[in-house]
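Welcome! Let us walk through this structure together, one topic at a time.

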Amino acid sequence: MLRRRTLLIYGALAATLPHMASLPAIAADAALTSDEARAIAKEATIYGFPLVDNYRVQHSYFVDAGGPEFKAPWNELVNNARVYTPDDKAIQTPNSDTPYSYVGADLRAEPLVFTVPAIEKERYYSLQFIDLYTFNFAYVGSRATGNEAGSYLLAGPNWKGETPPGIKSVIRSETEFAFVLYRTQLFNPGDIENVKKIQAGYKVEPLSKFLGQPATAPAPAVDFIAPLSAADERTSPDFFKELNFILQFCPTDPSETELMARFAELNIGAGKTFDLQAFTPDIQKAITDGMADAWAAFKEHKETMIDTGKASSADSFGTRAFLKNDYMQRMSGAVLGIYGNSKEEALYPAYFIDDQKKPLSGADKYTLRLAPGQLPPVNAFWSLTLYELPSSLLYANPLNRYLINSPMLPDLKKDADGGLTLYIQNESPGPDREANWLPAPTGPFFMAMRLYWPKPDALDGKWKAPPLKAAI
């Protein structure tokens, strides 16, 4: 506080006393100790990683038109009428149960209207609304709004209009850009044409077009900066330059005013210029050490909280109000499965270790037993998907089988008591068990179970995911 007050007083004197205007400027880090700089850099890394990694994905989807992951320009709907495979590398822990549709929403000029068709009640679908912070701020779909047809308005932070006729509800984003991720359930490979028909009924248009009015003047063009690679995000101080760029589209929430003032001491914040070379060598080192501290803190959080089951994905995704500014939980969600659903929409029990507390590896063999009456309790469906490490991507295997899910139950072999045993290993468990085999790589991996529209027993913890047992 004293340091900021000193700088403010200096600035005021310089403005009022002409002879002081020629005095040398006070360095940004003049009174900032190495320990303080290191702590701020650590905090800003934990805070900023979800925003920076989200921007990397959004840039590949909606800006980099020549890139392999490009989907469509901003405010245009694109349907992806296929399931994800190991060739999809832009996003960690992809979901292969539900073909995706995408909209990168630029809400600066005017709101967008999202129209959905009527969908048969047996089929799950959802629209997940994600802001630049990676908060899930709203849903449309089977659980949230039902499977009836309807139109919903998505507005940015500066829109002041009234709810127009023909709109079921107004959804507000606190950031000027947002991401809308659609999931449409695929029952089996032969169902893909039905999914395509549903996707063809999804519609997105500017509010002016929905109302039959002249188009609103476009917002100023944005010179989107090239994002860091997924690897460089973790070590490069340019991380903070990218964070500053993103924050200009994120009006400061009142709960973060003091946080932003603290970040400003390292020139981190909307409209600020972060230049590592502007700091003294000891502060430069403190900044890079602070970034490393953040990743060490994440590693500790994962090992002591996530791997042990003390915390789960249910704690990492949701609204700002739900997460209560727990930035480590938000970072954990972005690292381990960015764009995960809020717990009411889906739960994601994860398997990083076996029942002997050992990390999973294809060098071992595992079984997952779902006892009679103990299938995951869901209103929609469940699945178990395997991911290679360290990439967190799908594993290419001879069966082209990346998951086992509830629509596959008729084709799975039941145990004598009616239960279900799944086999997770690198080599085939034998012809009589191959229907229940989820192929694993030779090296490290983890698995994510997904419960879509979970029932109360799953939400309140009465049902727990069974242990993954290593063969002895």
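In which sense do strand β12 and strand β16 pair, and over how many bridges? β12 and β16 (residues 420-425) pair in the antiparallel sense over five bridges; two strands pair if DSSP finds at least two bridges between them. Strands (E, at least two residues) and helices (H or I, at least four) are DSSP runs, numbered from the N terminus. Before going on, please note that this is a predicted model, in which local features need pLDDT of at least 70, side-chain atom pairs count only at pLDDT 80 or more, and totals for chains, interfaces and linings use all residues. Residues are numbered from 1 along each chain as its sequence is written, and side-chain values use heavy atoms, with hydrogens and water left out.

β12 also pairs with strand β19 (residues 468-470), again antiparallel, over three bridges. You can follow both pairings from Thr 367: Tyr 423 stands opposite this residue in β16, and Lys 469 is its bridge partner in β19. β12 itself covers residues 366-370, with Tyr 366, Leu 368 and Leu 370 on a covered face and Thr 367 and Arg 369 on an uncovered one.

Now for the aromatic rings. Rings of Phe, Tyr and Trp (its six-membered ring) pair if their centres lie within 6.5 Å; planes under 30 degrees apart count as stacked, over 60 as edge-to-face and the rest as tilted. The whole structure holds 34 aromatic pairs. In one of them, the ring centres of Phe 352 and Phe 446 are 4.7 Å apart and the planes are at 15 degrees, so this pair is stacked. The pair links distant parts of the chain, 94 residues apart: Phe 352 is in the loop between β11 (350-351) and β12, and Phe 446 is in strand β18 (residues 445-452). Phe 352 is buried at 11% relative accessibility, and Phe 446 is buried at 3%; buried means under 20% relative accessible area, exposed over 50%, and partly exposed in between (1.4 Å probe, protein chains only).

Finally, look at the backbone. Most residues other than glycine have a negative phi, and most peptide bonds are trans. Leu 389 and Pro 390, however, are joined by a cis peptide bond, with omega about 10 degrees. Pro 390 lies in the loop between β13 (382-388) and β14 (393-394), and Ser 392 is in the loop between β13 and β14 as well. Ser 392 has a positive phi, near 60 degrees.
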